[in-house]
Amino acid sequence: MPRAKRMLMRAERIDAATAREWGLAAETVATADLPVRARAVAREFANDATVALGEIKGLIAEGLRQDIHSSFEAEAKAVGRTARTKDNLAAVRVFASGDKPQFRGE
């Protein structure tokens, strides 16, 4: 029986390893390690291109309520908005060097 059918039609529970194997979870950690890993991931996001991450989050939320053409249009507008940010300029400047850009949320 296909995975989705087992989960949806039978309300089958799966363990963390299976969720990761099926692509439903990006990573798994031991319960005791969760607070440390969660802080590390939060720091990762905070030090990333927060303007672009905000656009991505909005696009995902909007995409669930609109057709594909509207989603493409919204994405093009988001690219236009992020292309004019200081964070984008910082990323472009260091792209060829392979260095990590310093994002400031601007």
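Is Arg37 buried, exposed or partly exposed? I looked it up: Arg37 counts as partly exposed, at 29% relative accessibility. My cut-offs are under 20% relative accessible area for buried, over 50% for exposed, and partly exposed in between, with a 1.4 Å probe and protein chains only.

**Ground rules**

I am working on a predicted model, where local features need pLDDT of at least 70 and side-chain atom pairs count only at pLDDT 80 or more, while totals for chains, interfaces and linings use all residues. Residues are numbered from 1 along each chain as its sequence is written, and side-chain values use heavy atoms, with hydrogens and water left out.

**Overall look**

I found 6 helices and 0 strands in the protein. Helices here are DSSP runs of H or I with at least four residues, strands are E runs of at least two, and numbering starts from the N terminus. I then checked the radius of gyration, taken over C-alpha atoms. The protein has 19 Å, whereas a compact globule of 106 residues would be near 13 Å; that globule rule is 2.2 Å times the number of residues to the power 0.38. The C-alpha trace spans about 50 × 40 × 25 Å along its principal axes. Buried residues make up 13% of the 106 residues.

**Salt bridges**

How many salt bridges does a search of the whole structure find? I got 3, where a salt bridge is a side-chain nitrogen of Lys or Arg within 4 Å of a carboxyl oxygen of Asp or Glu.

Arg37 pairs with Glu27, and their closest N and O atoms are 2.8 Å apart. Glu27 sits in the loop between helix H2 (16-21) and helix H3 (34-46) and Arg37 in helix H3, so the pair ties together parts that are 10 residues apart in sequence. Glu27 is partly exposed too, at 39% relative accessibility.

Next I looked at Arg81 and Glu55, whose side chains meet at 2.7 Å, N to O. Arg81 is in helix H5 and Glu55 in helix H4, so this pair ties together parts that are 26 residues apart in sequence. I noted Glu55 as buried, with a relative accessible area of 18%, while Arg81 is partly exposed at 40%.

Lys77 and Glu73 form a salt bridge with closest N and O atoms 3.3 Å apart. They are 4 residues apart in helix H5, which means about one helical turn separates them.

Which residues of H6 are buried? I listed Asp87, Ala90 and Val94. They cover an arc of only 60 degrees around the axis, so they are on the same side of H6; the arc is that of the directions from the helix axis to the C-beta atoms. H4 is among what covers them.

Thr85 lies in the loop between helix H5 (68-83) and helix H6 (86-94). I found Thr85 buried, at a relative accessible area of 15%. Leaving aside neighbours within four places in sequence, Thr85 is in contact (heavy atoms within 4.5 Å) with Val51 and Glu106.

Last, I checked Ile60, which is found in helix H4 (residues 50-63). Ile60 is exposed, with a relative accessible area of 55%.
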